[in-house]
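Me: I have a structure open and want to talk it through. Can you take my questions as they come?

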Amino acid sequence: MLLSSFLVAKDLIRNNKYRVLYERLVGSKPMLKGDSVQCACCGYSFDSFFTYKAERKVALYASNIKIQKLLKVLLPHLNKPVYKLENEVCPVCFSLGQHRHLFYYINELSAEYTCEASDVKLLHFAPEQFMKDFFLSNKNIHYYDCDLFRRDTLYIENITKLSFQDNFFDIIICSHVLEHIIDDITAMRELLRVLKPNGVAFLMVPCNVDNTIEDPQVNTAQRRLAAYKQTDHVREYSSDDFINRLSKVGFTVNTSCVDRINTNIVNKLRLRDSIFICRKNGSRI
Ligand SMILES: [Zn+2]
């Protein structure tokens, strides 16, 4: 009962319906006091972030999301994590290290993109609520959010066949999507096509290996979990290979790595992963 209530509450908070109430409650709990870490997304400080429990094995038993949630509640022993990341999840907005890195980076750039420019068209795949709130609150940004499966986005889009016209968006944010896409090269071409010549795409994927792991024979949830650590990933990129693929379709790629950011900031905000900053060849860098 406690678990099901938590899952329902978490969904409501993700949908922003009770976020203000939740923030007040969390902010009043002594266990969440402290200032050892700070969330770049919601601004709250804590002694530490929560532990992230990656990929729940219950996903192996059902492909339907609703049935997965039901199994998690009814059969919690199936719900063992494959691996954990300590000090990772923000207790208030549920951001992870990669979200905080992207948000920190975009926040640093936001003056350039929002003060001088107007009617900035921004395409956001699989949007995180706190980023959605941030962009929607900016009157200069024309915000387009999309997803293939979710129903809480304005657009339902297949990333390998986007409905938008050529050279349409100033900014594209696509984080932790391409590792799910079998034909990622076509998806990259589509991102390039809809990006304006002077636009920028912020792309993120997990890059935890030196050489890309990708095998068409790995085609079941069980095999993908074993090979790529998630049941719905179809490869694990190396950073170099991801840049090569993007370059081949016509992007010029710069990278924001956490090791180039001040260590105190990285540790305080618990930033993680690299951001691949992609522009069309020949555009300004
Ligand atoms: Zn937060």
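Me: What share of the residues in the protein chain is buried?
Reply: Of the 285 residues in the protein chain, 28% are buried. Keep in mind that this is a predicted model.

Me: How many helices and strands are there?
Reply: The chain has nine helices and eleven strands. As for its contacts between residues at least 6 apart in sequence, 65% join residues at least 24 apart.

Me: How many bridges join strand 5 to strand 8?
Reply: Three bridges, between residues 120–125 and residues 169–175, and the two strands run parallel. In one of the pairs, His124 has Ile173 of strand 8 as its bridge partner.

Me: Which residues of helix 6 are buried?
Reply: Asp184, Ala187, Met188, Leu191, Leu192 and Val194. The buried residues of helix 6 pack against helix 8 as well as strands 5, 8, 9, 10 and 11.

Me: And which ones are buried in helix 5?
Reply: In helix 5 (residues 129–136) they are Phe130, Met131 and Phe135. These three are on the same side of helix 5, because they cover an arc of only 130 degrees around the axis. An α-helix has 3.6 residues a turn, so residues three or four places apart point the same way.

Me: Now the core. Which residues have the most contacts inside the largest nonpolar core?
Reply: Cys90, Ile172, Cys174, Leu191, Ala201 and Leu203, in a core of 52 residues. At least three residues of this core come from each of domain 1 (2–89) and domain 2 (97–280).

Me: What does Cys90 touch?
Reply: Leaving out residues up to four places away in sequence, Cys90 touches Cys39, Cys41, Cys42, Phe49 and Ser95.

Me: Why does Phe50 count as partly exposed?
Reply: Because Phe50 has 15 C-beta neighbours inside 10 Å, and a residue needs 20 or more to be buried.

Me: Last topic, backbone angles. What is phi of Arg270?
Reply: Phi of Arg270 is near 50 degrees, a positive value in a residue other than glycine. Arg270 sits in the loop between helix 9 (263–269) and strand 11 (275–280).

Me: Is Arg270 buried or exposed?
Reply: Arg270 is buried, with 25 other C-beta atoms within 10 Å.

Me: What about phi of Asp273?
Reply: Asp273 is not a glycine either, and its phi is positive, about 70 degrees. Asp273 lies in the loop between helix 9 and strand 11. Asp273 counts as buried because it has 23 C-beta neighbours inside 10 Å.

Methods
Residues are numbered from 1 along each chain as its sequence is written. This is a predicted model: local features need pLDDT of at least 70, side-chain atom pairs count only at pLDDT 80 or more; totals for chains, interfaces and linings use all residues. Helices (H or I, at least four residues) and strands (E, at least two) are DSSP runs, numbered from the N terminus. A residue is buried if 20 or more other C-beta atoms lie within 10 Å of its own, exposed if 12 or fewer, and partly exposed in between; C-beta atoms are placed from the backbone. Two residues are in contact if their C-beta atoms, placed from the backbone, lie within 7 Å. The arc is that of the directions from the helix axis to the C-beta atoms. Two strands pair if DSSP finds at least two bridges between them. A nonpolar core is a set of buried Ala, Val, Leu, Ile, Met, Phe, Trp, Tyr and Cys residues joined through C-beta atoms within 7 Å. Domain bounds come from an automatic or database domain assignment.
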